[in-house]
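Reader: I am new to protein structures and would like to learn about charged side chains. Could you walk me through some pairs?

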Amino acid sequence: YRLGLYYEREGNLEKAREYYQSALERDPHSLPALLKLARLVQPDESEPRLTDEAKRYYERVIEIQNSPYGRIRAIPEIVETAYGFAHLALARHYRAIGETVKAQGHYEQALLVFRNYREVTYPFNLAGRALGLYNPERERQILNAHLQALSDLAALYDSQGRTQDAAALREEYNRLSSE
């Protein structure tokens, strides 16, 4: 996995993909490798419609989340945000192709993960700042995904006439974005 990171930083995406795939062969539950592979096979990150291969990687992350491997946590305070990222990617995909019921379910699942992270894991990460264990870039990625899930789901609720639910999500969005 770390060799994949190295080659990705160097711009050698084929070599990076090869090493991420190798990491996944060694550990089929490697969420970081699955997310990296999903992103590498998605040519345009701004395009919500996923390639078939990217969709399979994200679906594999969700399979892991729903398995005993994903449900039993050795350290309950550590929430795995990879599940939230996968749900968000799938939600955006299903919304883009007009499957709003599936999209809504994935948005709601993404929010459960990000809210749980914010409540349970984030305080520990903040406490680790003094020890040099805080990664501000990673925290920005998680916050941005959380905000996107809130915004997208609010728009979906608006389209369904669920204005109160949408307003509650926008309130949460405003509170988080002002922190």
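Author: Happy to! A salt bridge here is a side-chain nitrogen of Lys or Arg within 4 Å of a carboxyl oxygen of Asp or Glu. Please keep in mind that this is a predicted model.

Reader: By this rule, what does the count of salt bridges come to?

Author: Side chains of opposite charge can pair when their charged atoms come close. Applying the 4 Å rule, the count of salt bridges comes to 14.

Reader: Which helix holds the salt-bridge partner of Glu172?

Author: Glu172 and Arg115 meet through their side chains in a salt bridge, 2.6 Å from N to O. The two residues lie 57 residues apart and link distant parts of the chain. Glu172 sits in helix α9 (residues 163–178), while Arg115 belongs to helix α7 (residues 100–127). The helix you asked for is α7.

Reader: Is Glu172 buried or exposed?

Author: Buried means under 20% relative accessible area. Glu172 has a relative accessible area of 11%, whereas Arg115, at 33% relative accessibility, is partly exposed. Therefore Glu172 counts as buried.

Reader: How many residues apart are Asp152 and Arg95?

Author: A salt bridge joins the side chains of Asp152 and Arg95, at 3.9 Å from N to O. Asp152 is in helix α8 (residues 136–159) and Arg95 in helix α6 (residues 82–96), so the pair links distant parts of the chain. Their separation is 57 residues.

Reader: What is the relative accessibility of Arg49?

Author: Arg49 forms a salt bridge with Glu47, with the closest N and O atoms 3.4 Å apart. Glu47 is partly exposed at 28% relative accessibility. Arg49 is also partly exposed, and its value is 44%.

Technical notes:
Residues are numbered from 1 along each chain as its sequence is written. This is a predicted model: local features need pLDDT of at least 70, side-chain atom pairs count only at pLDDT 80 or more; totals for chains, interfaces and linings use all residues. Side-chain values use heavy atoms; hydrogens and water are left out. Buried means under 20% relative accessible area, exposed over 50%, partly exposed in between (1.4 Å probe, protein chains only). Helices (H or I, at least four residues) and strands (E, at least two) are DSSP runs, numbered from the N terminus.
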